[in-house]
Every structure is written in C-alpha cells, then in structure tokens.
Amino acid sequence: MNEANDIAVRCRGLKKAYGTGNTKVQALRGIDLEVRAGELMMLVGPSGCGKTTLISVMAGILNQDEGECQVLGRDLNAMSRQELTAFRAVNIGFVFQAFNLLPMLSAKENIAIPLLINKVRRGDAMGQASAMCGLMGLAGRVTSLPPELSGGQQQRVAIARSLVHCPRLIVCDEPTSSLDHDTGRMVMELLRAMALGTGRSLVVVTHDARIFDFADRIARMDDGRIVHVGPPDDPWKGTDT
Amino acid sequence: MLVGDRAKYVGIIVGLTFATLLMTQQAAIFVGLMTRTFGFIADTGLPDIWVMDAKVQFIDDVKPMQDTQLFRVRSVEGVQWAVPLYKGLLKARLENGSFQTCNVVGLDDATLIGGPAMVQGRLEDLRRSQGVIVDDVSASGKLARPPRQPGQASEPLGIGDTLELNDNRAVVVGICHVSRTFQSQPVIYTTYTRATSFAPRERKLLSFVLVKAKPGEDPQRLCQNITRRTGLAAYTQRDFSALTVGYFLESTGIPINFGIVVALGFVIGTVIAGQTFYNFTLDNLRYFGTMKAMGATDAILLRMILLQSLTVGMIGYGLGIGIAALVGTLGSEGELAFILPWQIPVLSALSILLICVASALISIRKVLRMEPAIVFKG
C-alpha cells in the first residue's frame, strides 16, 4: 500500500469559526492531523476544545472555513453538496452518543437504513441487517424496538448500522458515555473487532479514559488545536497540563 | 416516525377528520338545500317548458297571469299541449285550531298533468268533491291531527280526514310523496278550479302554464317562440331549475354562510395539521439529521415527510367522509337536507391533499435547511 492509500483522513490547516463579531467562537485554529487506514484514532480533550467540530468536518457534514480535509483521497471541499451526500452514504459510518436509533423502527429496520439509502432492494437490505444482528449478538432482538433494548444493546444496533454498508471510515461521538463501565468496554471490544477491517479506519471522540487503551493513537485537543498525538499509554505527553 | 408519536399522530388525524367533516357535510347540506329550491320543478316531470310572467325570478316568486295567457301559449306553433298550474300559499286551519301555511298546487282539471307520486289513494280521486292530496311527511307531521288523549302521539292525516283551507272545507283523498321544498311547507294538491276557488279573490290567478313541445320540436327554440309571441318568460325544466338556484345563490346569504363554514374547515385543518406536523418535525429533527448525515438525499427526506403527511391525510379524509356520510344517511330520514354528489368528496380530497402538501412543505423547509452536523451536538 503506498502512502496515499495508507492515509484515510488528512487535515491540513483546518480552521472553523461559529458566529460573527463579538459572539464569534474559533472552534478549530489550524488543525493538522492524519488518520491512517486500519487505525483506531481517538480524539480527546476538554469540552469545547473542538473535537466534535473536527469529526463533523472529517465526516463531511460541516464545511471548514479554511484549510483542506481529504478523506479517502477525496477533497471534501471540492465536492458539490450532492456529491458529498453520496460520498457519505457510501464511505462513512456514524455512531452517536445518544444512539439516534429511530424509535418506531425495529432493530433490523434501523440497521438496514444505510443500505436502503444506498438503494439496496428492501428484501436484500433486511436480510443483510438480520445477518448483522446475528454477528452483533442481537439475533433474539431483531424485531425489538429501541425503547425495548438496554443501552448496550442499542449501541450495538447503532454499531451494526454504522458497519452494515461496509464504509471505509467510521466516526463515533462519545460511543460509551451513556453506558456503564463493563458495557462500555464490551461495546468498544465489539467496535474494534468488527470495524477494523482491511483499510477501514475509526475516529472516536471520547472523554472516557477507561477506553483509551482500545486506541491505536490518541490525539489530544485543546482550544481548537491538536496539542499531542501519540500512543494510548501516554496521551498527555508533551502537554503542560 | 409520526406513528411513533401517538399524541401528534392522533392530533393530526383528528384535525384532518374534522376539516373533512366540516367541508364535506356543509357542502352536502348546501347542495341539499339548493336542490330543494327546485324540488317542485323536478317533481313536475311531464312538461318540457314552464311559461310564466316575465318578472318571475324563481319557483316561489309567483306573479299571477290572466287565464287568457293559457290560450295565447296554446296558439304558438310547436306546442303540443299547454295546461294551467296554480301555485300559491294558503293557510290551513288544523283540528286543534292552529294555522299552517301550505303550498297549494292546482292541477289541470281535465288531465291532472303535474301530479305527484301517490303513496295512498289515486290521483284521479282529486275529481271527487272537495278532494285534496297531502304529502306524506306533512300528513304525519305539520298537518297531523292532535292526539285523542293528552300524552299520546299525534295521528297522521289519512284519507277521509278534512282540512279547512282558507275557510273552505277540503277532504283528503290521497297521500303523495314529493321532494322536500326549501321552506319545508306542507304541499297540498288539488284541481286548478278548486285551488283558485280556495285562493283569495284576485283578478289574475294563473301561476304557470306547463307546455309540451311537439315531437321533433327543439324546446329551446320553442321557448324563444313563446316569449316572442306572448311576451311571457318560457324556460325548459332545466333552465327554470337553474334560474331558481341562481336566484338563491345571488340574492341570499346562503352561499356566503356555507362558504364561510367550508373555508373555516379548510383553515382549521391547515392550522392544526400544519402546526402539529411542524412540531413533529422539530421534535424529530435529530432523526432527520441522522438520516441526512448517513447520506439520505433531500429527495429521500422529501418522500419520507410527504408519505407521512399523505398517510395521515388519507386516514383523516376517510374518517371524515365516513362520518359525514353516516350523519347524512341518518339525518336524511328527517329534516336534514343532505345530498352528496361525487364532486364534493373529490373536492374535499383535493383540499385535504392541499393541506397535507402545505403542512409537509412547511416542515420540509426546516429539514432541508438543517445542517446535518446538529447530530453531534448532543
């Protein structure tokens, strides 16, 4: 694999501000970061440091003001809105802090949503979703509605939904913050085992220090900047905190 | 999604049901009332043409003519036959001493043309001395005899019973069925001669001349000939009905009053459905954002919202039209003027469709303008 193929996400000089005038908040102040293919990278840092803004830009759901963000070799800023929507549908999986499962759809139907968005026939989509339920240990809860599932089960459904269409980049926002310690670790084990396939990358935003050891590398952010990137055993190295 | 929020789901359906019910029922009652205005014309089936004073504006606006006008009409080329018709309001004195205004119709003595559908007795019995025929609804309602004992029900007027019409004795010789009139007054049929003898003394008593065109004669052209030759107004049955309805539409507040209620139904439906649907969209913005982040196109989201809106629209419409039809069916046995031609359900359906699309569009704007990045904001 050459270097270009080895990099899933490449950010150069990313800047993003919200608001104008006196209310202007600079969320990203020139971010340089690379996420390698096959890597689980965690973004950590205090609240308001810009983690969520950064993964939003990486996921193609928020435009940066300045700088460049290449995902899977494509410059997101150079794409039209329609191209970006299609790019997300095929290449990016999402896991949210609050799961964001549609409450009136069953586990299987929730998992099938990305396939249906990608115009997979309904019958095939439901078949693949059922198979994914089995892989996630949810075979008995295929027809359950989200409110009938525990937090851990809901997050497993959300992970299955993020993986079912085989995206090459998965972005996760605080995937364990709504879960207890054991369930959180179980979810991360599952996510790591299922998600990190050939060339597939994970970017996980988290505050949860209990799961740092699942990361290949951790990027620490503060005040809109990356202050340190390193292995999980020493995430604070190089900082003055 | 909407099904998951039962309160809003039911709220929108109730709103659309209510809107459909108001629009459909009021429109059907309006059509029913308008139909009643020319019910008497429709019941008088045999003649092709109605001839009357040129100033007549509608069926109950009788401007009497001299009897000689009958002969002038008969002399017009193309007329196969022409018979006189008396129509006037006379007071009937009931057995209990009270008075009831009645629509008295005098038919040509010889032919009895224009006679009603009989329920009891025969039309020819009108030739019996003092004979009158009374409509069935009035016979058991406004003209019914008082109960023999206090607390008992009043007894329907029957053959052999008597009435006092303008101080003249009249004997019931038959019971007929007629279309309900606009004023819902009792209808009493008798012969032309007897009707004019019941009526107050006037120089002119001929209300209408009923005309049959010769075979092959164009009724419209015959109307023009009659008018040219006699100076009287002549209308085909259809045109006279249209003239009557037109008078009520233009000269009374009925269309405006019903129009306001129908418009109110539309506005209420739009406001309830639009507001509830918009709130539903706001409540579910997180899920729409999730779909958008996952790559759902604007077209997919548009279809999702429209489908939900149209689904509740169809359910609400079905319930509304069902309730309206049920109320109409049950009420049509009594005084309710309710006629539901196919055009009303179609127009109601289009109105509900408009409400649903408008509600969906208000919501869709919010969803389409939303940044998918909101999904990461907790």
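Guide: This is a predicted model. In the contact between the chains, 21 residues come from chain A and 18 residues from chain B.

Visitor: Which elements give two or more residues to the side of chain A that touches chain B?

Guide: They are helix 2 (51–58), helix 3 (81–91) and helix 4 of chain A. Helix 3 of chain A has the largest share, 4 residues. By type, the side of chain A that touches chain B divides into 14 nonpolar, 5 polar and 2 charged residues.

Visitor: Why is helix 4 of chain A called oblique to helix 5 of chain A?

Guide: The axes of helix 4 (residues 107–117) and helix 5 (residues 122–135) of chain A come within 8 Å and cross at roughly 125 degrees. Roughly perpendicular ends at 115 and roughly antiparallel needs over 145, so an angle between those limits counts as oblique. Therefore helix 4 of chain A is oblique to helix 5 of chain A.

Visitor: What makes the contact of these two helices?

Guide: Residues including A:Ile111 and A:Leu115 of helix 4 of chain A, and A:Ala125 and A:Met132 of helix 5 of chain A. The residues of this contact divide into 10 nonpolar, 2 polar and 2 charged.

Visitor: Which residues touch the most other members of the largest nonpolar core?

Guide: A:Met58, A:Val171 and A:Val203 do, in a core of 112 residues. Helix 1 (residues 6–37) of chain B gives the largest share of this core, 12 residues. Leaving aside neighbours within four places in sequence, the contacts of A:Met58 are A:Val9, A:Cys69, A:Val71, A:Val171 and A:Val203.

Conventions
Residues numbered from 1 in each chain as written. Chains lettered and ligands numbered in written order. Predicted model: local features only at pLDDT ≥ 70, side-chain atom pairs only at ≥ 80, totals over all residues. Axes fitted to C-alpha atoms, helices over the stretch in contact; angles between N-to-C directions. Parallel < 35°, antiparallel > 145°, perpendicular 65-115°, else oblique. Contact = placed C-beta atoms within 7 Å. Nonpolar A, V, L, I, M, F, W, Y, C, P; charged D, E, K, R; others polar. Core = buried A, V, L, I, M, F, W, Y, C linked by C-beta atoms within 7 Å. Buried ≥ 20, exposed ≤ 12 C-beta atoms within 10 Å, placed from the backbone.
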